[in-house]
Amino acid sequence: MASYQIEVAIPERDYIIDIEPGLLTSPKALDTLQRLCGKSRLCIVTHPVLLKHYVTPLVEGLKQRGIEPFLHVVPSGEHRKTLATVAKMYDAFIEAKLDRKSLVVVIGGGVLGDAGGFAAASYLRGIRFVQIPTTLLAHVDSSVGGKTGVDLPQGKNLIGSFHQPSSVLIDPITLRTLPRRELCAGLAEVIKYGIIYDNAFFARVDALLPQILKRDMDALSEIIARSCEIKADVVRQDETEQGLRAILNFGHTLGHALEAITNYRRYKHGEAIAIGMVAESRIGECIGQTSPDVTNALIHTLERAHLPTAFPSDITLEQILQVAQRDKKTIGGHLSFVLPLRIGEVNVRNDIPVAAIQSAIQMSL
């Protein structure tokens, strides 16, 4: 089975993304953690469901190498991506006697990676951490690029920081036990990369969907690697989202609003982003920038990936606009949207007439 190594080339904070089926049960993962940990303390943050298959073997392997990791287990769920969860992580770090040379290893999905990364970024003003993502969404998006943070009741990711990991270890075999709904939700971000950056990749993902949904390791490794390459290239050029990196937010302004309206419980993140991408593509249509062919192609691929493409009937236009105004990307009261020019190219606009936004959302209700 194919393996990949991708460098995230940020000056003085560069790191490697290793992608390989079976990686977490191989000596390579232990070698990486031992190299980064050295003689310092190590704390693993993870979910209960991951203990048996992934965490316990790593812990035993580390112990055989003379490293005694401290374990902190966090319940899963987007609604737990909060400051209260991070506060419990701080308590665990103190109990583990972590210092500024210590290492935090986060094993889990995007929610845990974001929260655990933020805890590492803010504890003692920042200590090193490693991402070991176990969902497709985390493989291709949240584990790469150094965005960490938590949600507030008023909106998603309103508290956070940029804090690059020291390493990212991706084992596609973790997707074999991932619920189908979670797998499909992760595909939303994969499809997004094709729309915003690479039309050939968009077509490739569409062609590979049957194999991906059957969890073929070569197909999964390929799309994960290319997604990480795209994100790494964007992050290299714009680490703190002052310009280019904003294109990664395609679908997120309205998708995040939908998540907040439904209290982060009804939709998986990728499902909300899928709906947001269609609605924002329709905004592009309403201002004459995006061809309907682009929106139709996007809807076709999302539906083949078993993803939703329209807002639910019990959500109103007024709710969406009100919550979207609290999005962290809003500047001077103007909503920011990533809009397709064509498949593989987008631009960022914050000058969209309210009437166009309203029309596009109505089309998506």
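The side chains of Lys81 and Asp151 form a salt bridge in which nitrogen and oxygen lie 4.0 Å apart. Because Lys81 sits in the loop between strand 4 and helix 3 while Asp151 belongs to strand 7 (residues 147-152), this pair ties together parts that are 70 residues apart in sequence. Lys81 is buried, its relative accessible area being 2%, and Asp151 is buried as well, with a relative accessible area of 5%. These values, like the others in this report, come from a predicted model.

Lys81 also takes part in a salt bridge with Asp114, where the N to O distance is 2.7 Å. Here the loop that holds Lys81, between strand 4 (70-73) and helix 3 (83-95), is joined to helix 4 (residues 110-122), where Asp114 lies, so the pair ties together parts that are 33 residues apart in sequence. Asp114 is buried, as is Lys81.

Another salt bridge is formed by Glu241 and Lys147, whose closest N and O atoms are 2.5 Å apart. This pair, too, links distant parts of the chain, since Glu241 is found in the loop between helix 8 (217-237) and helix 9 (252-261) and Lys147 in strand 7, 94 residues apart. Glu241 is partly exposed, with a relative accessible area of 21%, and Lys147 is likewise partly exposed, at 27%.

| Salt bridge | N to O distance |
|---|---|
| Lys81 and Asp114 | 2.7 Å |
| Lys81 and Asp151 | 4.0 Å |
| Glu241 and Lys147 | 2.5 Å |

In the model as a whole the count comes to 20 salt bridges, and Glu78, Lys156 and Glu259 are linked with one another in a network of such bridges.

For helix 6 (residues 180-197) and helix 7 (residues 199-213), the axes come within 7 Å and cross at roughly 160°, which makes helix 6 roughly antiparallel to helix 7. This crossing of helix 6 and helix 7 is also right-handed. Among the residues that make the contact are Leu183, Leu187, Val190 and Ile191 of helix 6, together with Phe201, Phe202, Val205 and Leu209 of helix 7. The contact of helix 6 with helix 7 has 14 nonpolar, 2 polar and 1 charged residues.

A last point concerns Asp218, which has its place in helix 8 and is partly exposed, with a relative accessible area of 40%. Leaving aside its neighbours within four places in sequence, Asp218 is in contact with Met1 and Ala2. The C-alpha atoms of Asp218 and Pro21 are separated by 8.7 Å, although these residues are 197 residues apart along the chain.

Terms used
Residues are numbered from 1 along each chain as its sequence is written. This is a predicted model: local features need pLDDT of at least 70, side-chain atom pairs count only at pLDDT 80 or more; totals for chains, interfaces and linings use all residues. Side-chain values use heavy atoms; hydrogens and water are left out. Axes are lines fitted to C-alpha atoms, for helices over the stretch in contact, and angles run from 0 to 180 degrees between N-to-C directions. Helices (H or I, at least four residues) and strands (E, at least two) are DSSP runs, numbered from the N terminus. Angles under 35 degrees count as roughly parallel, over 145 as roughly antiparallel, 65 to 115 as roughly perpendicular and the rest as oblique. A crossing is left-handed if the near helix is turned anticlockwise from the far one by less than a right angle, and right-handed if clockwise. Contact means heavy atoms within 4.5 Å. Ala, Val, Leu, Ile, Met, Phe, Trp, Tyr, Cys and Pro count as nonpolar, Asp, Glu, Lys and Arg as charged, and the others, Gly among them, as polar. Buried means under 20% relative accessible area, exposed over 50%, partly exposed in between (1.4 Å probe, protein chains only).
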